[in-house]
Amino acid sequence: MGSCNRGIAQEEGFDRSFRQLAFVSDQGDVVGRFLVTEARERVGGNITSMQGDGFLWEEGPSSFQPNDSMLKAAVDAGIDKDLLFGDPKAPRFVFWDGRLRPTPSGPDVLTFDLMSLWGKLRAGLGAAGLKAKKPGYEESVEQFVRRNLGAEVFERLIEPFCSGVYAGDPSKLSMKAAFGKVWDLEEKGGSIIGGVLALLRERKANPPPPRDERLPPKPAGQTVGSFRRGLQQLPEAIAANLKDHIRVGWQLNEIEKAADGGFALLYDTPDGSRTLRARCVALTVPAYVAADLVRRECPDAAAALKALDYPPVAAVTVAYPMSAIRQDRLNQANELLGFGQLHPRSQGIVTLGTIYSSSLFTGRAPPGWQELLCYIGGATNRGIVSQSHEAIVAQVDKDLRQMLLRPDAPPPKTIGVRVWPKAIPQFNVAHLDTVQAAKDELTEAGWGGLLLGGNYVAGVALGKCVEYAYTFAGEVATHLRTRAASAGPAPASAGADEFFV
Ligand SMILES: Cc1cc2nc3c(=O)[nH]c(=O)nc-3n(C[C@H](O)[C@H](O)[C@H](O)COP(=O)(O)OP(=O)(O)OC[C@H]3O[C@@H](n4cnc5c(N)ncnc54)[C@H](O)[C@@H]3O)c2cc1C
């Protein structure tokens with residue numbers, strides 16, 4: 001602990017400055033002394049918005065579902081005026097049997113041609129409760145959907161959707177962990193429709209608290225959101241508001257337990273090695289990094305965290321002149337309409353899905369150009385990491401020619417290619433138990449002040465991560481309050497604070 005005491009002495013200056021700001025949890029607890037640290041030179045993690053040559057594109061996530069937590073984050077960060085939403089009436093397509101077919105969006109639920117009449121009937125009867133009983137084991141997404149809604153819903157809607165959200169394999173993904181809200185419907189009401197009715201009754205009996213009146217109106221229908229200058233605007237605005245509470249280029253290399261119950265954190269920083277002390281650490285690094293950080297003193301927690309699978313994904317942005325798009329995909333104003341398209345693995349297309357970026361949000365491409373963001377790789381195509389960028393773009397272009405482009409379309413203009421070797425944690429069967437086991441192991445080892453967060457805990461969608469961040473802030477505040485109450489007066493050496501990594 002000698003080194004960590006030296007670390008505190010070195011940090012006296014910033015220790016004073018970061019007392020000026022505070023975060024307040026949903027329960028009203030005020031945490032005034034905290035620091036956010038990030039290994040890269042920029043904030044945002046895998047949110048990566050880029051600009052150049054008249055294009056604006058995303059190399060990580062493309063958009064978010066605008067739940068109230070996302071809207072609150074935008075308001076809190078002062079950038080709600082820059083929110084953008086996609087047209088909720090824009091269709092989403094699935095490539096099936098040689099054609100792009102719209103997914104059902106409400107009134108067309110009986111007429112849409114992605115499924116047969118029998119497939120729709122099977123889904124309706126299953127949703128109403130005419131289906132096999134649920135088994136006594138944790139079901140995969142494939143098992144749950146085939147049992148409840150039939151083969152067609154699984155093969156034509158849910159399987160491509162799993163590619164779109166998780167880049168995952170639905171025979172391995174856990175229904176309970178990956179799509180908990182739908183899984184819960186059967187638990188609550190015996191069937192999906194029974195669960196919806198039970199949920200409505202529950203909501204009527206316990207109405208949610210009034211909506212935060214600072215929030216913009218909920219966008220109508222099913223849509224997605226972003227910001228005028230791309231998703232990166234959100235983490236950058238949050239970082240600007242955090243002022244002296246944030247350090248970039250600080251890589252956490254080791255965590256040690258201190259005698260007073262806190263932690264010593266050993267960093268590589270642009271100014272050399274630094275050691276800081278903290279009473280509570282909110283660790284939001286990927287699970288495999290967290291595993292390395294706790295391995296020495298909590299090997300069982302490390303083994304659980306290391307077991308989580310992160311397959312690779314490449315985000316490929318290409319652009320074509322509008323004249324390259326097939327006539328039947330364009331409206332009268334010569335625009336490609338829609339959110340984008342998903343490709344079931346059975347249909348012979350390698351690309352997982354394509355977002356019509358410049359149709360979805362304004363300001364993404366110069367006039368006359370269509371910008372497309374294609375995701376390729378995932379749990380069923382891990383070889384993507386060893387391919388050249390040229391080969392990946394060639395594959396994406398080949399796929400697009402089968403579905404969206406005219407035969408004489410020119411080669412694509414490559415806007416950006418980013419391969420994420422460990423992209424998205426898979427919420428496979430046993431995921432929830434594995435994460436809980438890691439948390440339990442930490443507590444048992446006396447590491448209860450190290451709280452695990454990040455997308456493998458919260459859920460992978462950005463909206464889920466942000467929703468969880470507000471809950472997580474409450475967990476930190478509660479931990480500090482309980483610890484302060486049980487510890488009595490703070491130890492003399494406590495210059496320690498709360499750290500988010
Ligand atoms: C290609 C791709 C496409 C996606 N598309 C969508 C989408 O369209 N919509 C959607 O809602 N979600 C999407 N997601 C998921 C979503 O983007 C992520 O789940 C979310 O951004 C993860 O946030 P996070 O903070 O948990 O993790 P990350 O963004 O991975 O952040 C972890 C941070 O920890 C830092 N770090 C690592 N090690 C250390 C260390 N030793 N010391 C200090 N810092 C460290 C890293 O530098 C990083 O900044 C996509 C994800 C990917 C990869």
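## The chain and its domains

What you see is a predicted model. The chain splits into domain 1 (6-39 + 249-309 + 427-499), domain 2 (49-105 + 311-421) and domain 3 (113-205). Notice that domain 1 is written as several stretches of sequence, 6-39, 249-309 and 427-499, and that domain 2 comes as 49-105 and 311-421.

## Around the ligand

Which residues sit closest to the ligand? They are E38, N46, N455, V460 and L462, out of 26 residues that surround it. Sorted by type, this shell has 15 nonpolar residues, nine polar ones and two charged ones. Domain 1 and domain 2 each give at least three residues to the shell.

Now zoom in on some backbone atoms. S62 places a backbone N or O atom 3.0 Å from an oxygen atom of the ligand. With S63, a polar backbone atom is 2.8 Å from a nitrogen atom of the ligand. N455, one of the closest residues, has a backbone N or O atom 2.8 Å from a ligand oxygen. As for cover, the ligand on its own has 1000 Å² of accessible area, and the protein covers 85% of that.

The size of an interface is often given as the accessible area lost when the parts come together. For domain 1 and domain 2, the buried area is about 730 Å², and carbon and sulfur atoms give 59% of it. On the domain 1 side, D309, L462 and Y470 supply 62% of the area buried against domain 2, more than any other three residues. L462 also turns up among the residues closest to the ligand. In terms of contacts, seven residues of domain 1 touch twelve residues of domain 2.

What about charges and polar groups? There is one salt bridge across this interface. D309 forms a salt bridge with R382, and their closest N and O atoms are 2.8 Å apart. Four residue pairs are in polar contact between the two domains. The side of domain 1 that touches domain 2 is made up of three nonpolar residues, one polar and three charged.

Technical notes. Residues numbered from 1 in each chain as written. Predicted model: local features only at pLDDT ≥ 70, side-chain atom pairs only at ≥ 80, totals over all residues. Heavy atoms only, no water. Near = heavy atom within 4 Å. Polar contact = N/O pair within 3.5 Å; in protein donor to acceptor, adjacent residues only side chain to side chain. Areas by Shrake-Rupley, 256 points an atom, 1.4 Å probe, with all protein chains shown as cover. Nonpolar A, V, L, I, M, F, W, Y, C, P; charged D, E, K, R; others polar. Domains from an automatic or database assignment. Contact = heavy atoms within 4.5 Å. Buried area = accessible area lost by both parts, 1.4 Å probe. Salt bridge = Lys/Arg side-chain N within 4 Å of Asp/Glu carboxyl O.
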